[in-house]
Amino acid sequence: MTVSKSALRTWERVRDFALGMPGAAEEFPWGESVAKVNKKVFVFLGMDDGSYPLGITVKLTDEAAHAHALTAPGAEPAGYGLGKAGWVRVPLEEKGAPAADLLCDWVEESYRTIATKKRVAELDARAS
């Protein structure tokens, strides 16, 4: 499976954004890239080697954001029972896939859900 250049650019931008969050670290459990804060995953980035369709999985507890994410082409509640907890998988290769800016907004919301209040305060301080 070949990864499209635009999907790869989007993926790289989202990955860089996620790893720029306060206290974020990249790890590779199960052979796929994830971004964690305080040892907890806030975004599953999958693999960029073409072995699996490129996409991200984020936790969206805000009902409007969650519903919006599920309208993206090919989006679905995450597997392994994570969908029940608000996790949504969003493919990046689909025609009409969300733009990087929107994906980064979702990554930030997922981070805010998972991170400690202290880390969220660091993020807010950085924005002002």
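Tutor: Happy to: helix H3 passes helix H4 in a left-handed crossing (the near helix is turned anticlockwise from the far one by less than a right angle; clockwise would be right-handed). Helices (H or I, at least four residues) and strands (E, at least two) are DSSP runs numbered from the N terminus. This is a predicted model, in which local features need pLDDT of at least 70 and side-chain atom pairs 80 or more, while totals for chains, interfaces and linings use all residues. Residues are numbered from 1 along each chain as its sequence is written, and side-chain values use heavy atoms, without hydrogens or water.

H3 covers residues 100-114 and H4 residues 117-127; they pack at an angle of about 140 degrees, and their axes are 8 Å apart (lines fitted to C-alpha atoms over the stretch in contact, with angles from 0 to 180 degrees between N-to-C directions). On the H3 side, the contact (heavy atoms within 4.5 Å) is made by Glu108, Tyr111 and Arg112, and H4 supplies Arg119, Val120, Leu123 and Asp124.

Staying on H4, this helix also holds Glu122. At 31% relative accessibility, Glu122 counts as partly exposed (buried is under 20%, exposed over 50%, partly exposed in between, with a 1.4 Å probe and protein chains only).

In H2, which runs over residues 63-70, Ala65, His66 and Ala69 are buried. Looking down the axis of H2, you find these buried residues within an arc of 100 degrees, so they line one face of the helix (the arc is taken over directions from the axis to the C-beta atoms). Their cover includes E6 and H3. Glu63 and Ala64 are exposed, on the face of H2 turned away from its buried side.

Three aromatic pairs are counted (ring centres within 6.5 Å; planes under 30 degrees apart are stacked, over 60 edge-to-face, the rest tilted; Trp is represented by its six-membered ring). One of them joins Trp30 and Phe44: the centres are 6.2 Å apart and the planes stand at 35 degrees, so this pair is tilted. Because Trp30 lies in the loop between E1 and E2 while Phe44 lies in strand E3 (residues 40-46), the pair ties together parts that are 14 residues apart in sequence. Phe44 is buried, with a relative accessible area of 13%. Phe44 also pairs with Trp87: with centres 5.3 Å apart and planes at 70 degrees, the geometry is edge-to-face. This second pair links distant parts of the chain, Phe44 in strand E3 and Trp87 in strand E6, 43 residues apart. Trp87 is buried, as is Phe44.

Trp30 itself is exposed, at 65% relative accessibility. Its phi is near 55 degrees, a positive value in a residue other than glycine. The loop that holds Trp30 runs between strands E1 (25-27) and E2 (33-37). Tyr80 also has a positive phi, near 60 degrees, again without being glycine. Tyr80 sits in the loop between strand E5 (76-77) and strand E6 (87-91), and its relative accessibility of 87% makes it exposed.
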